[in-house]
Amino acid sequence: MKPYDAKTRQALHQTDVSSILEAWAAYASNEGVPWETRLHWNSPRRRDGLIHASSVSNSCNKFLWMEAMDAEPKSRNDSGMQLIFDTGTAIHEQMQYYQGTRAKVKGYLYEDEVGFGPQNSRYGRELRLCGSADGVSSGWPIIQPVVWEYKTISSKGFGRLTSPMGYHVTQVHVYMKCLGIPCAILVYINKDKTQFAAYKVHFDQSTWDAIEKRLKLILKMADAI
């Protein structure tokens, strides 16, 4: 995948995404920018022998193998863990509100939940991948498309951040490759104080090569059954 040129990368590097989004939260409210949303809670996950992009960061090969074998998922969350997941879902929708209203007012393109799979992605077909990126924008923070991914995190974890977490970098590499977009922005949201930390991730071929090699091995094992 061809990376964006040095000028574009520099422009992206110089954009303080976190501060801009935080300022927009107040603007959208103070100016009464309207937005309507509908959450679909507990939507069933696809079961069609595809590996989900969000699963690729899981270090357990058996987990991915079971997805490739079309195993039925089973949730075993206790109340505490489920509350954490549900808070994350709600905050994701909060971010879509900020991004959607800003794009509308500022006049650039933003699409939420951009999906891919074998039907519209070469790598979705070859590696039996599916998923959806939280968002894709064109026109901000750069003219070219950028993938967005939102992650909630506690104050303790937020305070330790100095770079994006490795497994999240793996996840957005799947999004970038399958969508053909060489840049992603990971936004961490401190769910205790609602602060943002944004990290730009540029596509790295060696990172993708390791992902692809692992997936091919898992699919080979699945096909051998």
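This is a predicted model: local features need pLDDT of at least 70, side-chain atom pairs count only at pLDDT 80 or more; totals for chains, interfaces and linings use all residues.

Residues are numbered from 1 along each chain as its sequence is written, and side-chain values use heavy atoms, with hydrogens and water left out.

**Exercise 1. Describe the surroundings of K151.**

Step 1: Find its element. K151 sits in strand β4, residues 146-153; strands (E, at least two residues) and helices (H or I, at least four) are DSSP runs, numbered from the N terminus.

Step 2: Decide whether K151 is buried or exposed. Buried means under 20% relative accessible area, exposed means over 50%, and partly exposed lies in between (1.4 Å probe, protein chains only). With a value of 16%, K151 is buried.

Step 3: List the neighbours, where a contact means heavy atoms within 4.5 Å. Leaving out residues up to four places away in sequence, K151 touches H168, Q171, L186, V187, Y188 and I189.

Step 4: Look for a polar partner. A polar contact is a pair of N or O atoms within 3.5 Å; within protein, one must be able to donate a hydrogen and the other to accept it, and residues adjacent in sequence count only if both atoms are side-chain atoms. The side chains of K151 and E149 make such a contact, at 3.2 Å.

**Exercise 2. Work out how helix α7 is placed.**

Step 1: Check its length. The expected span of a helix is 1.5 Å times one less than its number of residues. Helix α7 (residues 166-179) has 14 residues and reaches 20 Å from first C-alpha to last, close to the expected 20 Å.

Step 2: Count the buried residues. Eleven of the 14 are buried, so α7 is largely enclosed by the rest of the structure. Among them are H168, V174 and C178.

Step 3: V174 touches A53, V56, F116, L129, W208 and I211, not counting residues up to four places away in sequence.

Step 4: See what comes next. G180 follows α7 and has a positive phi, near 70°.

**Exercise 3. Which face of helix α8 is buried, and what covers its buried residues?**

Step 1: Name the buried residues of α8 (residues 205-223). They are W208, I211, E212, L215, I218, L219 and A222.

Step 2: Look down the axis. The buried residues fall within an arc of 130°, so they line one face of α8; the arc is that of the directions from the helix axis to the C-beta atoms.

Step 3: Turn to the other side, where K213 and K220 are exposed.

Step 4: Find the cover. The elements over the buried residues of α8 include β1 (51-52), α3 (61-68), α5, β3 (129-138) and α7.

**Exercise 4. How many disulfides are there?**

Step 1: Apply the rule. A disulfide is a pair of cysteine sulfur atoms within 2.5 Å, and the count comes to zero.

Step 2: C178 is buried, at 8% relative accessible area.
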